[in-house]
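Biologist: I am new to this structure and would like to know what stands behind the terms used for it. Please show it first.

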Amino acid sequence: MNELQLNQKEMFSVVLIYLNNHASVWSVIPKIGSLKTEFESLLAVIEQKVVEQDQAKTYLGLKKKDLKRLIADKADIMNDQVEAFALIEDKPELALRMDQSKSDLIELKNEMFIDKVDEILVETEKYIKPLSSEYGVTVEQIKDLSIDLDNFKGLNGMPRKYQIDSIVATKDLVILFKECNDLLKNKLDKLMKIFKRRNASFYNGYLAARRIVNN
């Protein structure tokens, strides 16, 4: 986001907080409630797009070797859990395939590294019931490692994907900011004039919330 968008996003949040805190005043006008719901939904999508944009930029700026080390650390923890399960359940072939240390994994060439981590994930999911109930493996742990590995695959072969993701998120944000500003300017601001004389304190407070502060 650029500086203007940051300031506008802050204003959007202030307006929403103000409306939430004064629901007893404006609730007599049902149309305001429906517009507030629409505005709140747009703001939630903006928040998600900001996250997507930041993630894309993060992976573009992240060094491949740093992500590889992070994955190796997580994969080492997981294959230790699978190895322990295999040893206790008398599965020596599986235990042998799961005995690599973090340093062993890091030393693999990227293509072999990806294959090995994929193998660890496949075996973990294959025995997920006993691993989750008795060996401490969690669904979140599997998902976390899978996401990191997908991102490593992207950096390894498709770095442009993250550039595209960032551009798409940026374009989406432009549209979303316009929709939010249009809703406020062309609809909610006009409705709020109902309170200009009926409740001047509330109306002036709304105007103050609508003010964009430039940092």
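**Terms and values**

Modeller: Asp 90 sits in the loop that joins helix H4 (64-88) to helix H5 (92-97). Helices are DSSP runs of H or I with at least four residues, strands are runs of E with at least two, and both are numbered from the N terminus. The model is a predicted one, in which local features need pLDDT of at least 70 and side-chain atom pairs count only at pLDDT 80 or more, while totals for chains, interfaces and linings use all residues. Residues are numbered from 1 along each chain as its sequence is written, and side-chain values use heavy atoms, with hydrogens and water left out.

Biologist: Why is Asp 90 called exposed?

Modeller: Exposed means over 50% relative accessible area, buried means under 20%, and partly exposed is in between, with a 1.4 Å probe and protein chains only. Asp 90 has a relative accessible area of 63%, so Asp 90 is exposed. Its phi is near 60°, a positive value in a residue other than glycine.

Biologist: What makes Leu 35 count as buried?

Modeller: Leu 35, in helix H3, has 3% relative accessibility and therefore counts as buried. Contact means heavy atoms within 4.5 Å. Neighbours within four places in sequence aside, Leu 35 is in contact with Leu 183, Lys 187, Leu 188 and Leu 191.

Biologist: Why does Leu 176 count as buried?

Modeller: The relative accessibility of Leu 176 is 10%, so this residue counts as buried. Leu 176 belongs to helix H10. Between the C-alpha atoms of Leu 176 and Ile 46 the separation is 6.5 Å, for residues 130 apart along the chain.

Biologist: What makes a set of residues a nonpolar core?

Modeller: Its members are buried Ala, Val, Leu, Ile, Met, Phe, Trp, Tyr and Cys residues joined through side-chain atoms within 4.5 Å. The largest such core has 30 residues, and Phe 12, Leu 188, Met 192 and Phe 195 have the most contacts inside it. H10 gives the largest share of this core, 9 residues. Leu 188 touches Leu 19, Ile 32, Leu 35, Leu 183 and Tyr 206, residues up to four places away in sequence not being counted. Another core, of 26 residues, lies apart from the largest one and includes Leu 67 and Phe 152.

Biologist: Which residues of helix H12 are buried, and how do you know that they are on the same side of H12?

Modeller: In H12 (residues 200-210) the buried residues are Phe 202, Tyr 203, Gly 205, Tyr 206, Ala 209 and Arg 210. They cover an arc of only 160° around the axis, and therefore lie on the same side of H12. The arc is that of the directions from the helix axis to the C-beta atoms.

Biologist: How many helices and strands are there in the protein?

Modeller: There are 12 helices and 0 strands.

Biologist: What share of the residues is buried?

Modeller: Of the 215 residues in the protein, 40% are buried. Of the contacts between residues at least 6 apart in sequence, 78% join residues at least 24 apart.
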